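Notebook open, model loaded. I'll jot things down as I look them up.

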Amino acid sequence: MILSCQNLTKSFNEKCILRNVSFHIEDYEKAAIVGINGAGKTTLLRIIMGEQAADDGNVAFAKGKSLGYLAQNEAVNGSNTIYDELLYVKQDVITMERQIRESELSMKTAQGAELERLMDQYARLTHAFEAAGGYAYKSEITGVLKGLGFDEDEFGKSISTLSGGQKTRVALGKLLLQKPDLIILDEPTNHLDLNSIAWLETYLLNYRGAVILVSHDRYFLDRIAGKIIEIDQTRATTFSGNYSDYAAKKEQLRIAAWNAYMNQQQEIRHQEAVIEKLRSFNREKSIKRAESREKMLDKMEVLEKPTEARTDIHMKLVPKFQSGKDVLAIEGLSKAFGSNRLFSDIHMDIKRGEHVAIIGDNGTGKTTILKIINGLLMADSGRIVLGSNVHIGYYDQEHHVLHPEKTLFEEISDAYPALTNTEIRNTLAAFLFTGDDVYKLIRDLSGGERGRLSLAKLMLSESNFLILDEPTNHLDITSKEILEDALNSYEGTILYVSHDRYFINRTATRILDLTGRTLIEYLGNYDYYLEKRQTLEQNFLPPCESASKPEAAVSEGKLDWQSKKEEQAKIRKRENDLKKCEAKISDLETELSAIDKEMEKPEIATDVAKLQELTKRQNEINSQLAGLYELWESLAE
């Protein structure tokens, strides 16, 4: 066991946030902490890290174990470059490397006992250097940076010039390179695109240590977590399995608890009615029997009312008018900002009733496409045609549709005067605005709160074509599920951009992947996209996407005989390159083994010149092997 939390209790201003929270984390275990916004998840992490003191209870770490923590939106600062900032983590390896070079120089002139001492020191250093991954630390840094979405031409950028999200990614990279025995991550997928999230999943799954996550990314939790710790109404409950396992078990427990509560309440009402009737008889025996029943009721351990799922909130989206069958047609759309060409000659057709998701890496132009469709940006070329009777409802992340001087309640009631107070409150509650929150002024809301209010307002609109840019940002899991149900029952048409894979999986009927400056179409949800992506990208994109300039959006049926033949040639070339790489690795490893045996000979151990020659060749081989291993992994993928 690496971490134990026992009976942790914490209150703020007499409001209890955590009460008797207990759980433990085993070595190498991957666990997630879940709960609605404000449940106390981040507070719990801060108590574990010692940043806040618990009112009661204790936290215990296994002796000698290291710990790493990345807070939500934590960022690095300073004037270092991105690469140098991560290189700082490897200072111990760099120091050993310098000491090895110094030992090699000293051995050239040393003799006798001094030479023997230097040789022993050299052997210890090289062994420690290899054990610490010294021969591969540069490629390891490069791999982490690329995995987190940084291109090589960005490695030299100064930290001071980065955005907040980029700084957070650098902080995450530093933590991963430190390789503590326990990693604690608060919303680690914020600021990551889909490819980077998939890379982080693979990294954490293979991580030789324990991991604690706080995340609203359900797809991420499904892949990573083997234990779910739920914080609900100040208390913690532990569930085995991933998020889907937890959700199913939680629903079973909720139904059982609700049935037990309702049965007990029914029994209590029945007993109270019997007691009242017995007393009404006004006889000595009947009064005694009533008193006996009252004593039984007093001794009964009354169950608390279970947490109610928001089953009373059903958001229904109903278009006022039905659009024509053809909702949107895009032909030859292109856009560049200066020398940065986002996409070229893309095509898109959307029919009534479709739910289409646009996905892709950060910076590829997904939001730009939505803004062009809505007339907020001009395209460089191309044509956009809306179908007959199409009425657009647009959600962006700049929230132009809100009035700063109104309260949340006024914003909804003024826009939709036919709604009752209860309907308005239920809508706002679905987006995490409850109690007196509804009387806050919009000007006092945070960016995330404004986003949620904009989404709530849009969901009430009678538009028949919804265009949404990252609609699940700032929503907790329950609110996401309410939104998903509303969109799935929506009879209109939806086009959206999202990084939430679970959301995409539940709501999309078609996916358009913006990659290599073009759109690749997948006729299914996110799981289908994952299944078909490698095949389609190999068919439609050259090996180096950054150098490609595809002419148009493509679909599965447009692959002709010539492109298949070219792809087969590329596959054969990759297979040949892989075999050559494996042969080179085998030759170098054989040579390295021979050098090791040579250095073990007594006559070599006293021959300084020969020893230095062999050591130099040994270092050259290790350096070549590090590069070849990386190349082999790339070719094998």
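This is a predicted model: local features need pLDDT of at least 70, side-chain atom pairs count only at pLDDT 80 or more; totals for chains, interfaces and linings use all residues.

I looked up the surface: the chain exposes about 32700 Å², and carbon and sulfur atoms supply 48% of that. The areas are Shrake-Rupley values with a 1.4 Å probe. Residues are numbered from 1 along each chain as its sequence is written, and side-chain values use heavy atoms, with hydrogens and water left out.

Next, burial. I get 45% of the 637 residues as buried, meaning under 20% relative accessible area (1.4 Å probe, protein chains only).

Charges: I find 81 positive and 99 negative side chains, with the centres of the two sets 3 Å apart. Lys and Arg are the positives, Asp and Glu the negatives; His and the chain ends are not counted. Each charge is placed at NZ of Lys, CZ of Arg, CG of Asp or CD of Glu.

Overall layout: I have 20 helices and 18 strands, taken as DSSP runs (H or I, at least four residues; E, at least two) numbered from the N terminus. The C-alpha trace spans about 115 × 70 × 45 Å along its principal axes.

Then I went to β18, residues 518–522, where five of five residues are buried. Thr518, Ile520 and Tyr522 point one way, Leu519 and Glu521 the other. β17 (residues 510–515) pairs with β18 in the antiparallel sense over five bridges; pairing takes at least two DSSP bridges. I see Leu514 opposite Leu519. Two residues sit between the strands of this hairpin, and Gly516 takes a positive phi near 60°.

Key
Buried means under 20% relative accessible area, exposed over 50%, partly exposed in between (1.4 Å probe, protein chains only).
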